[in-house]
Amino acid sequence: METGITGRTALVTGGSGAIGRATALRLAAEGARVGVTWHGNRDGVTEVVDDITRAGGTAYAVRLDHLHTAAANDVLAEIGEHLGPVTILVANAVRWPSFDDDEIEGLTTSLDANTIGPVALIDAALPAMRAGGWGRIVVVSTDIVEQPMAGPLAYATAKGAIETAARVLAVREARHGILTNVVRPGFTLTDKALNAPFLGPEAVAAESARTPTGRICTPDDVAQAVTFLASAANGHVNGQALSVAGGRELVR
């Protein structure tokens, strides 16, 4: 399959995390110049850049705090200076609310970081995409938007809000050649999931048993879905939310 992204500039937010890393590496392997953002894990994102450059690709990292929306234009300008204008934007970075926050405080922080911040970055990227008559925006969300679970009200609400924004963008921007879609990973196999006290290996095994494919999602599963939606191979999928959960959403 010809992805048609060789030489294009992609920006992946949250590039030091498992899904962000896998997505950045996959896009680079398809020939994109890849910008990655980081907030608290500089060493992790440096490894991503090094991996891409050792493989013959081009990458650049910049720090981004989604709570500071005014920085969006500066981040895109810096990426543009080093890699060229961003025409592929993967909104992947996430900020988990603290369990110590009260519900309203957690909701406010999550909306700021997981909805308003990413939308500000997307808004800042749109002029270059419109000028070139081509763009791809992919929002990495979560399957709990479709299948709510007790507990993560702030996170789920913020992800639901950015999914709504993505659908509006899909309708509004398609005439400029810009397609916007959402990817919803299921429970994803990461070191964080394996080591979390409320998840861990037992939860992974139980969730795998409930999933029709017999396993849970991996970061590369998500990266492959994102890469297709972010590519020229996707010529007409727009405004959709793609579940990457092995059919788990079909099982009650």
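At 46% relative accessibility, Glu-47 counts as partly exposed, a class that lies between buried (under 20% relative accessible area) and exposed (over 50%), computed with a 1.4 Å probe on protein chains only. The model is predicted, so local features need pLDDT of at least 70 and side-chain atom pairs count only at pLDDT 80 or more, whereas totals for chains, interfaces and linings use all residues. Residues are numbered from 1 along each chain as its sequence is written, and side-chain values use heavy atoms, with hydrogens and water left out.

The side chain of Glu-47 meets that of Arg-21 in a salt bridge, at 3.9 Å from N to O; the term denotes a side-chain nitrogen of Lys or Arg within 4 Å of a carboxyl oxygen of Asp or Glu. Glu-47 belongs to helix α2 (residues 42-54) and Arg-21 to helix α1, so this pair ties together parts that are 26 residues apart in sequence. Helices (H or I, at least four residues) and strands (E, at least two) are DSSP runs, numbered from the N terminus. Arg-21 is partly exposed, at 24% relative accessibility.

A search of the whole structure finds 10 salt bridges. In one of these, the closest N and O atoms of Asp-51 and Arg-54 are 2.5 Å apart. Both residues lie in α2, 3 residues apart, which is about one turn of the helix. Asp-51 is partly exposed, with a relative accessible area of 23%, whereas Arg-54 is exposed at 64%. A salt bridge also joins Arg-248 to Glu-207, with 2.7 Å between the closest N and O atoms. This pair links distant parts of the chain, 41 residues apart: Arg-248 is in the segment after β7 and Glu-207 in helix α7 (residues 200-210). Arg-248 is buried, at 14% relative accessibility, and Glu-207 is buried at 14%. Salt bridges that share partners join Arg-21, Glu-47, Asp-51 and Arg-54 into one network.

An open sheet is formed by 7 strands in the order β3-β2-β1-β4-β5-β6-β7, with parallel pairing; two strands pair if DSSP finds at least two bridges between them. β3 (59-63) and β7 stand at the edges with a single partner strand each, so one side of each has no neighbour in the sheet. From one strand to the next, the twist averages 20°. Strand β1 (residues 9-12) pairs with β4 over 4 bridges, and Leu-11 stands opposite Leu-89 in β4. Helix α1 packs on the sheet, touching β1, β2 (33-38), β4 and β6, and its direction makes about 170° with that of β1. Contact means heavy atoms within 4.5 Å. Axes are lines fitted to C-alpha atoms, for helices over the stretch in contact, and angles run from 0 to 180 degrees between N-to-C directions.

Helix α8 lies across β4, β5, β6 and β7, running at about 165° to β6. Among the buried residues of α8 (residues 219-229) are Pro-219, Val-222 and Leu-229.

In helix α3, Ala-72, Val-75, Leu-76, Ile-79 and Leu-83 are buried. These residues cover an arc of only 95° around the axis, which puts them on the same side of α3; the arc is that of the directions from the helix axis to the C-beta atoms. The face turned away from this buried side carries the exposed residues Asn-73, Asp-74 and Glu-81. Gly-84, which follows α3, has a positive phi, near 105°.
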